[in-house]
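Hello,

Here is the structure I promised to pass on. Please open it first, then read my notes below.

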Amino acid sequence: MAAPRKSTRRCTKCDRPAAPGHRQCRAHVAYFREYRRKRREAGRCIQCGAGARGYQLCTACAERSSELMRERYRERRDAGRCVICGAASHGESLCRPCATHKARSRRRLRAESG
Ligand SMILES: [Zn+2]
Ligand SMILES: [Zn+2]
Ligand SMILES: [Zn+2]
């Protein structure tokens, strides 16, 4: 085996150099992108592959993730932290940057819809 060089990273799946910003070569990056897209198109859960009836997540995965979100939300709110990023928010439910970001994206959404 050749000694590792830091100049060119190799694809984790084959011997070609990895594409910039990726852990795999171009071919494999495209392959995995296609794989995820197919899964979604087949109506399968992108996490476990179970039937998801057109949703990104199956019922079990969706339930688990929303439960986790709820739990985290409550924890952060009770701790007086931003419910999105967990930063100190001085008693508000959102910290400054998150509140600004949210207000801005809401404005943009309204502008786009009409
Ligand atoms: Zn590859
Ligand atoms: Zn699932
Ligand atoms: Zn925040």
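**Overall layout**

Going from the N terminus, the elements of the chain follow the order α-α-α. The chain's radius of gyration is 21 Å, well over the 13 Å that the globule rule gives for 114 residues, so the chain is more spread out than a compact globule. Please keep in mind that this is a predicted model.

The count of secondary structure is simple: three helices and zero strands. Along its principal axes, the C-alpha trace covers about 55 × 40 × 35 Å.

How much of the chain is buried? Buried residues are 7% of the 114. Contacts tell their own story. Take those in the chain with a separation of 6 or more: residues 24 or more positions apart account for 0% of them.

**Helix α2**

Next, look at residues 59-78, which form helix α2. This helix has 20 residues. From its first C-alpha to its last it reaches 28 Å, close to the 28 Å expected at 1.5 Å a residue.

Is α2 largely in the open or buried? Of its 20 residues, the number buried is zero, so α2 lies largely in the open.

E71 is exposed, because 10 other C-beta atoms lie within 10 Å and the cut-off for exposed is 12 or fewer. Now find P17. In sequence, E71 and P17 are 54 residues apart. In space, their C-alpha atoms are 42 Å apart.

**R10 and the segment before α1**

Go back towards the start of the chain. R10 belongs to the segment before α1, the helix at 26-41. Is R10 buried, exposed or partly exposed? R10 has 16 other C-beta atoms within 10 Å, so R10 is partly exposed. That count falls between the cut-offs, which are 12 or fewer for exposed and 20 or more for buried.

Which residues does R10 touch? Leaving out residues up to four places away in sequence, R10 touches D15, P17 and A18. C25 is worth a look too. R10 and C25 are 15 residues apart along the chain, and 7.4 Å separates their C-alpha atoms.

**Where to begin**

I would start with α2, where the number of buried residues is zero. After that, turn to R10 and its contacts with D15, P17 and A18.

Best wishes

Key:
Residues numbered from 1 in each chain as written. Chains lettered and ligands numbered in written order. Predicted model: local features only at pLDDT ≥ 70, side-chain atom pairs only at ≥ 80, totals over all residues. Helix = DSSP H or I, 4+ residues; strand = E, 2+ residues; numbered from the N terminus. Expected span 1.5 Å × (residues − 1). Rg over C-alpha atoms; globule rule 2.2 N^0.38 Å. Contact = placed C-beta atoms within 7 Å.
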